[in-house]
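The following paragraphs are a guided reading of one protein model. Look over the sequence and the structure before going on.

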Amino acid sequence: MSTTKRCYYETLEVERNADDSTLKSAFRKLAMKWHPDRNPGDPQCEMKFKEINEAYEVLKDGDKRAAYDRYGHAAFEQGGFGGGAGFGAGFASSFSDIFEDLFGMASQRGRGTGRERGADLRYNMEITLEDAFKGKTAQIEIPVSVTCEACSGTGAKAGTKPKTCSTCGGAGRVRQAQGFFTLERTCPTCQGRGQTIEDPCPSCSGSGRVIKERTLSVNIPQGVEDGTRIRLAGEGEAGLRGGPPGDLYIFLSLANHEIFQRDGADLHCRVPISMVTAALGGEFEVPTIDRGKTKVKVPSGTQTGRRFRIAAKGMPVLRSRQVGDMYVQVVVETPQNLTKKQQELLAEFEKLSSGETQPEAVGFFSKVKEFFGSRASAP
Ligand SMILES: [Zn+2]
Ligand SMILES: [Zn+2]
């Protein structure tokens, strides 16, 4: 083996006098970080991971650690303590078992007792723009699995008790010697519970959990946006065998509004006005999101598409005192279904019209004229 190897203590980022539990947690932390499954195709990570494993395999064993402390890496070279071949092929073959074991433990909080955190739940809720404006308290009913009351979550029929698992003696884990290693894994008989149930509880069929409709009150704050996520800690599924419950996430989506379009804190609406109002000027009322009304004054000669801003009539900003604005865009409506009389009046109006009344059209057509003129004069 190479003598340029890194010191095992350095590899595990611990002090030379680190105790077993420090070593163990340092190892677990690093192994998680450098695990090849998490860094697929990265040979450096794999090397690093091997290093970490090797260091831990030595330091966790009192005898080997003492030898290492005394002789360094030389202790494990050919002819040294325990024979150096141990970290060769045999090591690699046990890799997958270690991974499995390591990750089995990691995903299962509170190992050994079989306790498992309940799953997180997602609940999709559609709310209206007015709800987002005012905020509201919504009552929702969700089916969640909760701890069975009949058996208090033990899974054993009332009056009976779960028995200590004979395979693992209640530890929930079994040790298995495999070549160089002793592997610890979840007990196959009790699945880590440490207990077996002979008379399962009839209410939950021994699972310790039942499905119940639960009514929850959800507080939707003012100014929420489409996609806002609200977390209700501990309102997810019940944990297994006394484990903590998961969380409930409410995903909000905003329904389209008939009048208003939202753009962040601002609201937009389009209002059709008559040609005459646009020409002569006037005033009209528009609804506001707070179910009130506000007046919009249009000056004479207003063109279609013009926007009018109404301050502070938009949406509240989440967790702030700010309020957006409302924009009213006017769309001039060309009159349709005219009576004979109306047609005559408009024709008369047209006769009286001059460049003054249609400055934009005059400007445009003079540009058109120029355009053709310049082309005609070209050789
Ligand atoms: Zn039960
Ligand atoms: Zn067991």
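Which residues are the protein donors of the zinc ion (ligand 2)? They are Cys-165, Cys-168, Cys-187 and Cys-190, each giving its SG atom, and these atoms lie 2.2 to 2.3 Å from the ion. The model is a predicted one, and the values quoted here are to be read with that in mind.

The four donor atoms of the zinc ion (ligand 2) make angles of 101 to 115 degrees, and the site is tetrahedral. For comparison, the ideal angle for four tetrahedral donors is 109.5 degrees. Along the chain, the donor residues of this ion follow the spacing C-x2-C-x18-C-x2-C.

The UniProt record, an unreviewed entry, places a "binding site" feature at Cys-165, Cys-168, Cys-187 and Cys-190. These residues are spread over 26 residues of sequence, yet they cluster in space, with a largest C-alpha distance of 9.0 Å. Cys-165 is found in the loop between strand E3 and strand E4 (173–178). With a relative accessibility of 1%, Cys-165 counts as buried, since the limit for that class is under 20%. Cys-187 is likewise buried, at 1%, and Cys-190 is buried at 2%.

The zinc ion (ligand 1) has its own set of donors. Cys-148, Cys-151, Cys-201 and Cys-204 coordinate this ion through their SG atoms, at 2.2 to 2.3 Å. The angles among the four donor atoms run from 104 to 114 degrees, and this site is tetrahedral. In sequence, the donors of the zinc ion (ligand 1) are spaced C-x2-C-x49-C-x2-C. What does the pair Cys-151 and Cys-201 tie together? Cys-151 sits in the loop between strand E2 (136–147) and strand E3 (163–164), while Cys-201 sits in the loop between strand E6 (195–196) and strand E7 (209–220), so the pair links parts that are 50 residues apart in sequence. Both Cys-151 and Cys-201 are buried.

The loop between E2 and E3 also holds Ser-152. Is Ser-152 buried or exposed? Its relative accessible area is 59%, so Ser-152 is exposed. The phi angle of Ser-152 is near 55 degrees, a positive value in a residue that is not glycine. Glu-13 also has a phi near 55 degrees, again a positive value in a residue other than glycine. Glu-13 belongs to the loop between helix H1 (8–11) and helix H2 (20–34), and with a relative accessible area of 55% it is exposed.

Helix H2 contains Leu-23. At 0% relative accessibility, Leu-23 counts as buried. The C-alpha atoms of Leu-23 and Tyr-56 are 7.4 Å apart, although 33 residues separate the two along the chain.

Met-275, Val-276, Leu-280, Leu-346 and Phe-349 make a nonpolar surface patch of about 480 Å². Helix H8 (275–280) and helix H9 (340–352) are the elements that give two or more residues to this patch. H8 gives the most, with three residues. Leu-346 is part of helix H9, and with a relative accessibility of 31% Leu-346 counts as partly exposed.

Conventions:
Residues numbered from 1 in each chain as written. Chains lettered and ligands numbered in written order. Predicted model: local features only at pLDDT ≥ 70, side-chain atom pairs only at ≥ 80, totals over all residues. Heavy atoms only, no water. Donors = N, O, S within 2.8 Å, 3.2 Å for Na, K, Ca; no water. Tetrahedral: all angles 85-135°; square planar, octahedral: opposite > 155°, others 65-115°. Helix = DSSP H or I, 4+ residues; strand = E, 2+ residues; numbered from the N terminus. Buried < 20%, exposed > 50% of the residue type's maximum accessible area, 1.4 Å probe, protein only. Patch = residues over 30% accessible without salt bridge, like charges linked within 9 Å, V, L, I, M, F, W, Y side chains within 5 Å. Areas by Shrake-Rupley, 256 points an atom, 1.4 Å probe, with all protein chains shown as cover. Salt bridge = Lys/Arg side-chain N within 4 Å of Asp/Glu carboxyl O. UniProt positions renumbered as here; feature names shortened; annotations may be inferred.
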